[in-house]
Amino acid sequence: MSHNYDVIIIGSGPAGFSCAMQSSKFDKKALVVESHKDYLGGTWINTGTVPSKALREAAKTILEFNDQFGDHENKKPYERFRMADLLQYKQEILEKENRKVKNDLIKNEVDVARGFGKLVDEHTVEVETHFGSTETYTAEYILVCTGSNPVQPKEFEIDNDKILDYKSILELTHIPRRLTVIGSGVNAIEYATTFAALGTRVTVLADSEDYLTFLDHEIKEQLEQHFNDKGINIKTDVAIQDVEFNALRNHTEVKFNKKSGDQRLQVLETEHVLFLGGRKPNIDGLNLKAAQIETDDNNFIVTDDSFKTNTDSIYAAGDVIGFPRLASASFSQGRLAACNMFGIPALEVPDQIPYGIYAIPEISNIGLTEKQAKEMGMDVTVGRAYFENIAKADMTNHTNGILKLVFNSNNFKLLGVHIFGDEAANLIHLGQSVMAYDGDIRYFINHVMNYPTLSEAYRIAAFNGVNRVYKAGVKYKNILEDQEQ
Ligand SMILES: Cc1cc2nc3c(=O)[nH]c(=O)nc-3n(C[C@H](O)[C@H](O)[C@H](O)COP(=O)(O)OP(=O)(O)OC[C@H]3O[C@@H](n4cnc5c(N)ncnc54)[C@H](O)[C@@H]3O)c2cc1C
C-alpha cells in the first residue's frame, strides 16, 4: 500500500526535529505535525530549555559583573536592571533558534503541517488545522513525540500574575524582590539560583525530605553551602496548604506545614510564587487507542529499546515516554527511532548519560557516585580538584567549585565524574569520553591539555586520586607505568 510519507512525526521538539533530520538524510519523506500556531521547537525552544537558559545566562552575566566590579552605589541588580531587557535577550535567542529549526527543515525538504495531530489508525494521522479544516495523511511509520506538560497543583491555582508556572515566569514585568519556588527538581533549583543572582530573596519549598538525591554527597554539600552564602532558604518535607494573593497587604501568602515534627501552620509572605512540580505526558486528544498504543501507570507511552511501541509502525520518543525527560536525551531518542524504523544500524543510547543542572554555578555528573560505587562493593578511590587551585578559575573569578573523580583503585578505571562549578555542564564531556572508551584517570595525567583552562581540574583531580593510591601503598612507578594493573 502506498503512503503519502515514509514517516509522520507528531511534535517538533528535539525528538521530532532530530527524527525528521535523520529520516531526511536517509532520503525518506517526512512530515512534521505541530500544533503550536506560531513556533516549531516545542518546550525545548519556546518555554523550557532555551528560554530558561537564556535568562540564566543574562542573570549570570549580571552576577559576574557585580562580583568583579562591585555593586554600583550598593544597588541590588533588581534596582539596576530591567526584566524587560533580560526577557528581550531571551526572546532574541528564542527567535534565532526557531528560525534555525524552520530553515533546517526546509533545507532538508521536510514538510510541516500546522495543527493538532491525532491517530486514526496504525498508519494514518488526522490534522485539525488552526483554520478549522481537517487534513489526513498516511505514512509507513509514525513517531509520537508530543512532549509533556506540568501537573497542576491541587492546593491552589496558577493565576499567571502573582502565582506563576514555567511559562508565565518568562513574562514577568519586573525582577521580584522575593520569590518562593514550590518544587525542588532540577528546574526549581535552576530558577532559584537565577533569581538569587538578580538579588531576589529566594525560598524553595520541597515536598520531599531531601532533594536532588542523585547527586554525589560532596557536590550536594557544595550546593548547600552555596545556598547559605547566597541566602537561598530551602525548606524540605513541606505540605502546601494554600497560596493566595492578599490584596490588603499586597503580598502573596504561602500557607504550609512541615509533614513531620512541629506541624503547625506557617505563613510565608512573598511577592511571587513559581510552581515547578512534576510533568505528565501530552497524550490527550491523540487517540492512542486507535492504534492500541500501550501506556504505563502514569500514562507515559511504553516503548522497547528501539523506541517502538507495541504497534509495529508506531514509535515514540522524548518526554512522552518518560525518564529522563531531557532535550539532550530526546535528540538521541528521535534520531535513533529514525535509524530503527528504517533498519539503519545505530548505536543505542548509552546507559551512562550526563546530567546538567544549570544552576549558578552549574552542576553536572555522569556515572557512579562514590557512595553508589562503594555500595556495589567496589574498591574505589576519589580524586578532587578545587576550582580555587585552577588558574583559569582565578582569572574568570569562578573559584567556587569542585571536580571529583570516582575510580576503581585497582585498575584506575573512571567510574564517575561529579562537578560543581562554572562550566560544569561543558566540562563533564571530557570525563564522559574517557568513560565511554573504558579509559582510566591516567589519561588526564598522560595527555597534554590546553592551559589555562578549567579542564586542568581533571589533571589536578587525577593527580590527587593517584596520590591517594600511592599513600595506600602502591608504588608510584607501578601506578604510572602499568596501564593494566
Ligand atoms: C523550564 C524547563 C527547563 C528545561 N531545561 C532543560 C535543559 O537545560 N536541558 C535539557 O536537556 N532539557 C531541559 N528541559 C527539558 C526539555 O525541554 C524537554 O525534555 C524536551 O523539550 C522534550 O522534548 P520533546 O521532543 O519530547 O517535546 P517538546 O519539546 O515538548 O515538543 C513537543 C511538541 O509537540 C507538540 N504537540 C503536542 N501535542 C501535539 C499534537 N497532538 N499534535 C501536534 N503537535 C503536538 C507541542 O506543541 C510541542 O511543540 C527543560 C524543561 C523545562 C520545562
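Visitor: Why is G117 called buried?

Guide: This is a predicted model, and the label comes from a count. A residue is buried if 20 or more other C-beta atoms lie within 10 Å of its own. G117 has 27 C-beta neighbours inside 10 Å, so G117 counts as buried.

Visitor: Where does G117 lie, and which residues is G117 in contact with?

Guide: G117 lies in strand β4. Leaving aside neighbours within four places in sequence, G117 is in contact with I10, V33, S35, V125 and V127.

Visitor: Is G147 buried or exposed?

Guide: The cut-off for buried is 20 or more. G147 has 23 C-beta neighbours inside 10 Å, so G147 counts as buried. G147 is found in the loop between β6 (134-144) and β7 (148-150). Beyond four places in sequence, the contacts of G147 are G11, G13, G42, T43, N282, G318, D319 and V320.

Visitor: Which residues are closest to the ligand?

Guide: The closest are G11, G13, G42, G147 and G318, and 36 residues surround the ligand. Sorted by class, this shell has 13 nonpolar, 19 polar and four charged residues. Elements that each supply at least two residues of the shell include α1 (14-25), α3 (49-69), β4 (116-121) and α8 (327-341).

Visitor: Which residues does the "binding site" annotation cover?

Guide: The UniProt record, an unreviewed entry, lists K53, G117, T146, G147, S148 and D319 under "binding site". They span 267 residues in sequence and their farthest two C-alpha atoms are 29.2 Å apart, so they do not all gather at one spot.

Visitor: How do α1 and α8 pack?

Guide: Their axes are 7 Å apart, at an angle of about 35 degrees. α1 passes α8 in a right-handed crossing. Among the residues making this contact are P14, F17 and C19 of α1 and A327, F331 and R335 of α8. By class, the contact divides into nine nonpolar, seven polar and one charged.

Visitor: What is the handedness of the crossing of α3 with α6?

Guide: α3 passes α6 in a left-handed crossing. The axes of α3 and α6 (residues 186-197) come within 8 Å and cross at roughly 35 degrees. S52, L55, R56, A59, K60, I62 and L63 in α3 meet N187, E190, T194 and A197 in α6. This contact has five nonpolar, three polar and three charged residues.

Terms used: Residues numbered from 1 in each chain as written. Predicted model: local features only at pLDDT ≥ 70, side-chain atom pairs only at ≥ 80, totals over all residues. Near = placed C-beta within 6 Å. Helix = DSSP H or I, 4+ residues; strand = E, 2+ residues; numbered from the N terminus. Nonpolar A, V, L, I, M, F, W, Y, C, P; charged D, E, K, R; others polar. Axes fitted to C-alpha atoms, helices over the stretch in contact; angles between N-to-C directions. Left-handed = near helix turned anticlockwise from the far one by under 90°. Contact = placed C-beta atoms within 7 Å. UniProt positions renumbered as here; feature names shortened; annotations may be inferred. Buried ≥ 20, exposed ≤ 12 C-beta atoms within 10 Å, placed from the backbone.
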